[in-house]
Amino acid sequence: MSAFLDNHLLTLLVALPLVGSLFVLFVPAGERWLRRWGLAFALATLAVALHGYWWFDSTTSGFQYAVEHPWFALPGTEATVSLALGMDGLSVLLVALSGILMPLVLVAAPGGIKTRIREFVFWALMMEAGMMGVFLAQDLVLFYIFWEVSLIPLYFLIGIWGGENRIYATVKFVLYTLVGSLLMLVGLIRVALESGTTNIPELLSRDLSVELQGFAFVCFALSFLIKVPVVPFHTWLPDAHVQAPTGGSVILAGVMLKMGTYGLMRFGLQMFPAAAVDWAPVLIVIGVVGILYGSLLAWAQRDLKKLVAYSSVAHLGFVVLGIFAFEPTALQGAVLQGVNHGISTGALFFLVGVIYDRRHTRQLKDFGGLATSFPSFAFFLVLATLASVGLPGTNGFVGEFLILFGSFPGHEWAVAFAALGVVLGAVYMLGMCREVLFGRVRKVNRDLKPMQIREWVALTPLAALMLWIGLYPGPVLDRTRLVCEAMSARVQPYLEQTEEASLPEDSESSADTKSNLLNPQGMER
Amino acid sequence: METPWLWLIPLLPFLGTLLNALLHAGVLRRRQQERDLMAPAVAVPERLAGWIGTGAVALSFLVAVAAFLRLKALPVDERVLTATLAPWIQAGSLDLSWTLSIDPLNAAMMLVVTGVGALIHLYSIGYMHGDKGFCKYFSYLNLFVGMMLMLILSESLLGLFLGWEGVGLCSYLLIGFWYEDGEKADAARKAFIVNRIGDFGFLIGMFLLYWGGGGSLNMSDINAAASQGAFSEGLATLAGLCLFLGCCGKSAQIPLYVWLPDAMAGPTPVSALIHAATMVTSGIYLVARLGDFFAFAPGVLPVIACVGAATALFAATIGIAQRDIKKVLAYSTVSQLGYMFLGLGVGAFTGAVFHLITHAFFKALLFLGAGSVIHAMHHQQDMFKMGGLRDRIPITYKTMLIGAFALAGVPLFSGFFSKDLILFETATGHTSPWLLWLVGAGGAALTATYTGRLLALTFYGEARFDPQKTKVHESPRTMTLPLMVLAVLSIAGGLLGIPFIMHPLADWLDPVVGQATLEVRGEHHPAHGLEIALLLVGSAIAIGFLSFGLRHYRRSPEEQRSRADQATGLLRWLANAWFVDALYALLVTTPLKILAILSATVDVFFVDGTVNWVARRSRATGNDVRRMQSGGANDYALWFSLGAVVIVVGLLAGTR
């Protein structure tokens, strides 16, 4: 059994939800059973994902559980596209996260999804298959296919079950992301043509020409940056989130955005390291601006869901900073922070759903005093807030701290500004808590239906994860350690080249004096 | 020496947190079933919660005593106990574990925190009786003690930071404990955010220390690295200032003190425990703990001394014009913390810790006493509406009198010895000694005055309330017992250091701060004559100004009250705390908020506007181009010929 599982683990991860979605589409069953069938498939996927997480070998940075079947020869090149899947330290956590979030979404769905259950379960499972595929694909073409496959379900999730302005939001979301995807396709074709292979591990081990890297990086990175999203490509996000049903928001924030950061690491950094070094200063600035600007925007929001959406922009700014600092600790922080964001923002979106189902409003001013009338909600909201502002002891702290800590040498000013974002985070998140939870409870907020079992089931695992990763992140961090060290090492030669090139011309540059500050010997010299 | 059971010290309060949280959940459940959200916690869980909470901290105190005795039994230069539970964060070059480490300095802190903490828990049983969040209160209070112990006992700076932010969280939760009052919820939020500004400095300071030569986040390693000159001067100064910014937040010093007076919105035992005796002294502890590092960071200690002295005087001026009894004590706390920093700044590490300990005793006593007064007066906090309470609540009166004497620095009370030690060391220090001494002495005069004012307005004279309506009664035993114990400690605390006779605290702390003291102050030159002279001056100031305050306000409370009501001129500035809050709102909060709203506008109209403009433009272009396909043969012929011309021209240009 175990050998079978190990051999087909990744195939199962993609196939189970895929088969499940088709099964649900055709099985003759009532609404309740449809949801149960969907949940069964999602739970089976989760079990497989956890098996893969548990037996993941932390002592190697390579791909594990790899499977490969040739598919078709790419016309015009020597390349053969294959159905290749593999999992390494970059993907293992995201796979587990996707596996965890999907059953929770299905469990909590009845709160907001009342019609067309069959389609909902179908799209949800289809999306899971797509996401798993994105994180596991070992072939550029396969990656691209999964990338697009994961997009379409969300188009329908928002378009069918969304809020009033759902068509505008979903079209905007799809078109915007598609612009990026098509750019990626262009880059992908050129990489395939010039290197003659589409196999990702193969490409990762090669040193592609600097010119090709430069071109492909721009194509790929733009697509990923839109997906993350970073400022200024972020404006689709609040619209999509506000219109999306709860489950859609949870998956969008929890997993879809991570496809962007995952891509930045897998391709931006691992495949095109030379270009990543060139672009790093720009991206670090973008990351830091995202943190501060996103925080300010979140602070100004009057709509609870928009506030959480903008906070995502700020949080993912940290991840971008951590990636392009190229330091192993910061990279580990970036990987972890991606997962953390999925957990805490996922929980926040669930909570927005919980209160929206009861009050049918998301305006901050309509709430107040919920801590009195709805204490279980208050408990989870405060906990998710604390994780979101990175209080030590919660998962958010470990991620943020590792990013800031690791990025510090060489990027002192960036880190200083990013750390200001930690202050601003407290400003807007606690401001939100103040308005929603505290103050005198108004009459309309007095008699709220208590927390339902399905809501407890959706929120408790996330709350447990916040504390578990915060207090004992060891097992999670171990799984990412080697791959992050390898990533950092991959960039190092190019980093040294640029430093050598820039040293003679401007030795009095600000970067230089800063590094002197951290280096007493340099001071004496 | 590896001593695993040290972990019991913080874990016991955490266990209490958990149990009380469960009790609270049970109460909430019952309320939900009875559909009555406002019902008080019923008698059984209330009694249980109180005793679980108090018991957890008391047990923790006993374990702490055992640890202290174990430590004491060790030879002087080997006095360190450690306990490692598990790894925490291991990433890249970073390797942190859950490790506690007890040396003489934090052993002293630990005893104060658990001891005073247990007393305040006991007091809370009476004070919070009947509150609907009773179990929750004890859950939070236990959590606070646990976090405070993590702060004190952690070996690494990051573990300390965990406690540092953790106590900040508890402070937030407890200031906003009665969150239905919007103002209290605002005060809680303010406290958290102002502390976060300080924590920003803490984080950056930590990074500078690690990457700038420390190579470790363990405080002993950083101290050792500093002694070996691993840090450049500029870096050490910068890192020290960053850490001190963190201290300014947590320990309420200029410019970040503004949250502490507002923090009085919390229940009074919370003010006593968190905002007087323990949490706010974290900054002092941090500087003392990193004493060797600060001793080697030139330029930081003088800044600390000046900020401390300025805060001591500044806050005292405000304290003199407050009419809320808790506000007086709050500004007094800010001021006394200033003295501690003044001591640290001139290298009197022992003196600072001494004052920290005595202050913990007498200020906790004063706050608890004030709580007893407020309890007796049915939540009246305005001192101008009190008066004549002396005989009505005799135990509270007598114990508070002792606390007041200690605060004012009346000879033979504990505060006298500790404050005068700091002032003496200031006068013999290297940082503009006489100016700082003068500021400190001025602050001491103001302290004695407002202490006298507090006593006079609260306890003496005629009752300025209707005794028929407000039935004043002495507090229950659970509340008076801690008062009496703390009163004894407020006197006996002085025994930790009596000039010329005994100085057990200095001897005890010597292995930790001795080196740093030597580094900052140089060889110790006894100056007996000066010391005696300063002691006499200090006594004169304390007694003189205390009796001035007492007499002045006792004689004419009504006149003072009408003056306070009108609040003109200087009094208006003092009563409104020099309008610093308004200044910050004007300079910081409002501009930032405007910036946020501006950003949101820009985001919608410009950033998103561009996106939508592109979309609209594309559609419009499509619409325009669509007209080409009009269906008329003439049009097609036109476009066909135009296209042909373009292609031909292109080809010709290409071939040439």
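A salt bridge here is a side-chain nitrogen of Lys or Arg within 4 Å of a carboxyl oxygen of Asp or Glu. By that rule, E435(A) pairs up with R302(A), with their closest N and O atoms 3.0 Å apart. This is a predicted model, where local features need pLDDT of at least 70 and side-chain atom pairs count only at pLDDT 80 or more, while totals for chains, interfaces and linings use all residues. Residues are numbered from 1 along each chain as its sequence is written, chains are lettered from A in the order in which they are written, and side-chain values use heavy atoms, leaving out hydrogens and water.

Over all chains, the whole structure has 25 salt bridges. Here are three of them:

| Pair | N to O distance | Separation in sequence |
|---|---|---|
| R266(A) and D88(A) | 2.8 Å | 178 residues |
| D382(B) and R323(B) | 3.0 Å | 59 residues |

How covered up are these residues? Buried means under 20% relative accessible area, exposed means over 50%, and partly exposed is in between (1.4 Å probe, protein chains only). Both R266(A) and D88(A) are buried. E435(A) is partly exposed at 28%, and R302(A) is partly exposed at 40%. In chain B, D382(B) is buried at 12%, while R323(B) is partly exposed at 25%.

There's also a salt-bridge network that links K172(A), D239(A) and D608(B).

How values were computed: Helix = DSSP H or I, 4+ residues; strand = E, 2+ residues; numbered from the N terminus.
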